[in-house]
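The structure is shown first, and the description follows.

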2 protein chains.
Amino acid sequence: MDVSRPPPNGRRCGLTLGTVLASGVAAGGNRQIITHGGMRFGYPELDQRVRRLGAVLCALGVSAGTRVAMLDRDTHRYLEAYFAVPMLGAVLMTANIRLSAQQLRYTLEHSGTRLVLAAAELVPLLKEAFAGAAVIPELLVMGEDGQYDALMESADASFEFPDVDEESVATHFYTTGTTGLPKGVTYTHRQLVEHTLAVGFALAAADDYQSLRQGDVYMPLTPMFHVHAWGMPYIATLLGLKQVYPGRYDALTLPGLIATERVTFSHCVPTVLQMVLDEAERQGQSLHGWKVMVGGSAMAPALARRAMKSGLQPFAGYGMSETCPVLCFARTNAQEASAYPERLCRVGHPVPLVQLQIEGEDRQPDATEGELVARASWLTQAYFDDPTGSGRLWEGGHLHTGDVATIDMDGAVRIVDRLKDVIKSGGEWVSSLDLEAKLREHPAVDEAAVIGIPDAKWGERPWAFVKLAAAAPLSAAEAEAALRELLQSHVAQGLLPRFAIPERIEFVDELPKTSVGKLDKKRLRLWTSEGDMT
Amino acid sequence: MDVSRPPPNGRRCGLTLGTVLASGVAAGGNRQIITHGGMRFGYPELDQRVRRLGAVLCALGVSAGTRVAMLDRDTHRYLEAYFAVPMLGAVLMTANIRLSAQQLRYTLEHSGTRLVLAAAELVPLLKEAFAGAAVIPELLVMGEDGQYDALMESADASFEFPDVDEESVATHFYTTGTTGLPKGVTYTHRQLVEHTLAVGFALAAADDYQSLRQGDVYMPLTPMFHVHAWGMPYIATLLGLKQVYPGRYDALTLPGLIATERVTFSHCVPTVLQMVLDEAERQGQSLHGWKVMVGGSAMAPALARRAMKSGLQPFAGYGMSETCPVLCFARTNAQEASAYPERLCRVGHPVPLVQLQIEGEDRQPDATEGELVARASWLTQAYFDDPTGSGRLWEGGHLHTGDVATIDMDGAVRIVDRLKDVIKSGGEWVSSLDLEAKLREHPAVDEAAVIGIPDAKWGERPWAFVKLAAAAPLSAAEAEAALRELLQSHVAQGLLPRFAIPERIEFVDELPKTSVGKLDKKRLRLWTSEGDMT
């Protein structure tokens, strides 16, 4: 009898999202779930609303395995769907509303979506996507004349969900790589619960500077369709925290919302952090004590310093769609952060039970610089219906992040570059991320992107693309001279190799971005090869 | 493709104790693991020592499923065995050194133990247990002339452990109920890791008053053979904390050890807390800032108040051998604790993913007072080789704790009594725990036990057994009068029903205790029925 048996008269209680919600309802009491400009209710009502949604979906024929897509901004409705759909044994397809209509249709069709819950304002996008299609998923409109509210109101608030196996798929979404079609990623109940426990534990056990604990107020600032808003709504719900959902991200109202609702913990990409900082400064609104995990792209030390000056507690986090997503985050305290702000920009130490290694070019582990590879029980085991992509992802038994990293003496991980963005000049590696961070140190620079351009002599040479700050009083020639001087001073201090100085520095009005707000270097490279840089 | 597939070229990474150790080694750096009066080393050496032990055991023929018993005090060696034995796929049998020689032999034989690692001082106990036996487990003596140290020294510090399935049994021990033979309880890797994550998360996310986080210093004060010291060494190791192992619990040295090593977090039964407080007071040693989870028996408010007066942060925890063990603990903060010390004595709110319910006499859930039942994925699924006991444990699909509880308005659980200790007088329930706590409020009382005695008229009547404090200047008659007056005042205030006043109050020199230091009411009842109370 070496393997534990199910109890003779009982049933094994698995790691399911239903148990996460039950714990949150037991812990949360009347702490509020809020949608900006919309509803506001406590955990007992969250429980009832999830049950109502379960009843509504059940009546619409949703059952085990059915794909139900959500097209919405960050709202309490999305949070309810995070639980209700998987608790039916169905699969929540978190559709990316920033994709083109064509890509959106591809992802809905590829996932086999049967029912779409769409906010009224997003219905036109859906209609465009399926214009002329023979088969269209069923649609339930939320808000403005939609049937959703009426159905919810008349639904059974004590609906009982079925028992769901912890290994059933709970969520399904698409990651838009820089090449090829979007790739489908799925997570089981068990994977989501393990991520919730491990990341929640790491954040709770960390220093006050970056902690998420009882008493915190949570608000996402990465979209809920993007890797379940980094899994944080599940952590916040498990702890029974007050949660604030901002709806559409509106720079004008965010600083006030954060202050009024006393938000203490968020996460976002650097661009959003910068946007909120700009607006808060303009409005004279304090954001003191706001802890922000920054990820998606590298946080430049200049941005970290500026945020700290405004009383924020920023710190880098790291992960990817295929890792659920959080693998690691910077661990520091207030004192260290103010003395060494660059440590906030390292992606830090792994969360419990995540193993990170650096793989050298020979695929040997424990190299000093090379591709970052990961293992943990909750990583994506395979892309949906894509054995070739899955094989590449897990080559050699580790998940390949596609990022080049080093590990510092204290064990903290530092991302050097995307594997495909790193520039090889004269046989030496140049980090585009590092160059971008150094360019952004100049006050006249708003954004910077560096790519490698084929070069007959050196293999590749770095080119920089810079968007100047709106208020910058410099001509392009003056700005270029100033930036070259700045980089030369880094070379003089031994902080940058001489061959890393960009071959060209171009000034642009906008840098191309992907649907999730990351720099789109693929399009930058296209610009340069096509000679079209306007 | 609804269920996630293993990666084409990878392997699913399970929830195993090996991943817990790897995370701890990555996080712990040179924080120390200390045995009082013995060794002291950092996490890299912990990793090497676990590998050495793995190599030693492997050479002794230990393989998947082999039962390896540990007979030791709380030492770094025990911590190493917590990892090395299960990481081989073998099963660590944590033998209870407080059992009688006969019971010890029963548990070693019943578990199928093949190899015993015994501290030199405990070898005589083992020899007594197996005197005259035909088959004796192999013995490896640790310390004083044992072969253990020599074997460890020459073993391979880079030994590679095999891959272990997360569903393999990792630990095996015995719980001595109040009736019948000791019952075998086992836990798989996965169950132990889930308990580690959930309980660790709950303690990390709790208020500073009872938190366990980065920066804390951990020392167990419940034996490591007792439900893996409540699973806390696994949590402390996962976080990479400094850990202090006290060896044999010696009241004289404990206060100094706590102060010198700056221990901030421990757990113990009320008796041990009282012992340490007595000695610290005698020595004038401060224990300020020491957080202590108190469980195993109910913590009386008087003890909580006294501990707080000495600068400690005591709080109740609750669980049992069959629940891995921690199910819930009191959540409070310093302000609330000093204003309402009785809230520290409630067993509080469940840890994440644990569901607790009160089952009425009709086995219906959500009664106001009744047996506490539990569900969570890491509870013991069945007793080892005991289908009848297992069936009773899980009757109706919930694990039965055997404790009567109520749930307060704020969701906190309050244990009323052991189901079998609750006294039914005139059809009404009297809580023996409540009476004991009230008796202990009198400064002359050191310990108190209350049991129900059969009564022709009332069914049962409460009898109290009191051990007076050594310094108490009262005669038995004076003490009885004082205690009756105290209880009458509770009756007058409406805090105690009149029929709860004990029929008799007996004064004794010692109260009988079980092997883990709990009041042994079974023996008390035997005393009363046999008329032998000396």
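A search of the whole structure finds 14 aromatic pairs over all chains; rings of Phe, Tyr and Trp (its six-membered ring) pair if their centres lie within 6.5 Å, with planes under 30 degrees apart counted as stacked, over 60 as edge-to-face and the rest as tilted. The model is a predicted one, in which local features need pLDDT of at least 70 and side-chain atom pairs count only at pLDDT 80 or more, while totals for chains, interfaces and linings use all residues. Residues are numbered from 1 along each chain as its sequence is written, chains are lettered from A and ligands numbered from 1 in the order in which they are written, and side-chain values use heavy atoms, with hydrogens and water left out.

An aromatic pair is formed by B:Tyr78 and B:Tyr82, which is edge-to-face with 5.5 Å from centre to centre and 85° between the planes. Because B:Tyr78 and B:Tyr82 are four residues apart in helix 3 of chain B, about one helical turn separates them. Helices (H or I, at least four residues) and strands (E, at least two) are DSSP runs, numbered from the N terminus.

Helix 3 (residues 76-87) of chain B also packs with helix 1 (residues 17-28) of chain B: their axes come within 9 Å and cross at roughly 135°. That makes helix 1 of chain B oblique to helix 3 of chain B. Axes are lines fitted to C-alpha atoms, for helices over the stretch in contact, and angles run from 0 to 180 degrees between N-to-C directions. Angles under 35 degrees count as roughly parallel, over 145 as roughly antiparallel, 65 to 115 as roughly perpendicular and the rest as oblique.

The crossing of helix 1 and helix 3 of chain B is left-handed; a crossing is left-handed if the near helix is turned anticlockwise from the far one by less than a right angle, and right-handed if clockwise. Helix 1 of chain B contributes B:Leu17, B:Gly18, B:Val20 and B:Leu21 to the contact, and helix 3 of chain B contributes B:Tyr82, B:Phe83, B:Pro86 and B:Met87, where contact means heavy atoms within 4.5 Å. The residues of this contact divide into seven nonpolar, one polar and no charged. Here Ala, Val, Leu, Ile, Met, Phe, Trp, Tyr, Cys and Pro count as nonpolar, Asp, Glu, Lys and Arg as charged, and the others, Gly among them, as polar.

**Helix packing in chain A**

In chain A, helix 2 (residues 43-59) and helix 3 (residues 76-87) pack at an angle of about 60°, with their axes 9 Å apart. Helix 2 of chain A and helix 3 of chain A are therefore oblique to each other. Helix 2 of chain A passes helix 3 of chain A in a right-handed crossing. Among the residues that make the contact are A:Leu46, A:Arg49 and A:Val50 of helix 2 of chain A, and A:His76, A:Leu79 and A:Glu80 of helix 3 of chain A. The contact residues of these two helices comprise ten nonpolar, two polar and two charged.

**Sheets**

Chain A holds an open sheet of six strands in the order 6-5-3-4-7-8, with mixed pairing; two strands pair if DSSP finds at least two bridges between them. Strand 6 (138-142) and strand 8 (183-188) of chain A stand at the edges, each with a single partner strand, so one side of each has no neighbour in the sheet. The twist averages 25° from one strand to the next.

In chain B, four strands form an open sheet in the order 16-17-18-19, and the pairing is antiparallel. Its edges are strand 16 (355-359) and strand 19 of chain B, each with a single partner strand, so one side of each is left without a neighbour in the sheet. In this sheet the twist averages 45° from one strand to the next.

| Strands | Sense | Bridges |
|---|---|---|
| Strand 4 (residues 91-94) and strand 7 (residues 169-175) of chain A | parallel | two bridges |
| Strand 18 (residues 399-407) and strand 19 (residues 413-418) of chain B | antiparallel | five bridges |

The bridge partner of A:Met93 in strand 7 of chain A is A:His172. In strand 19 of chain B, B:Asp417 stands opposite B:Val404, and B:Ile415 stands opposite B:Ala405. Strand 18 and strand 19 of chain B form a hairpin with five residues between them, and B:Gly411 in the turn has a positive phi of about 90°.

**Backbone features**

Most residues other than glycine have a negative phi, and most peptide bonds are trans. A:Arg262 has a positive phi of about 55° although it is not a glycine, and A:Arg262 lies in the loop between helix 10 (254-260) and strand 11 (265-268) of chain A. A cis peptide bond with omega of about 0° joins A:Cys324 and A:Pro325; A:Pro325 is placed in the loop between strand 13 (313-319) and strand 14 (326-329) of chain A. In chain B, B:Cys324 and B:Pro325 are joined by a cis peptide bond with omega of about 0°.
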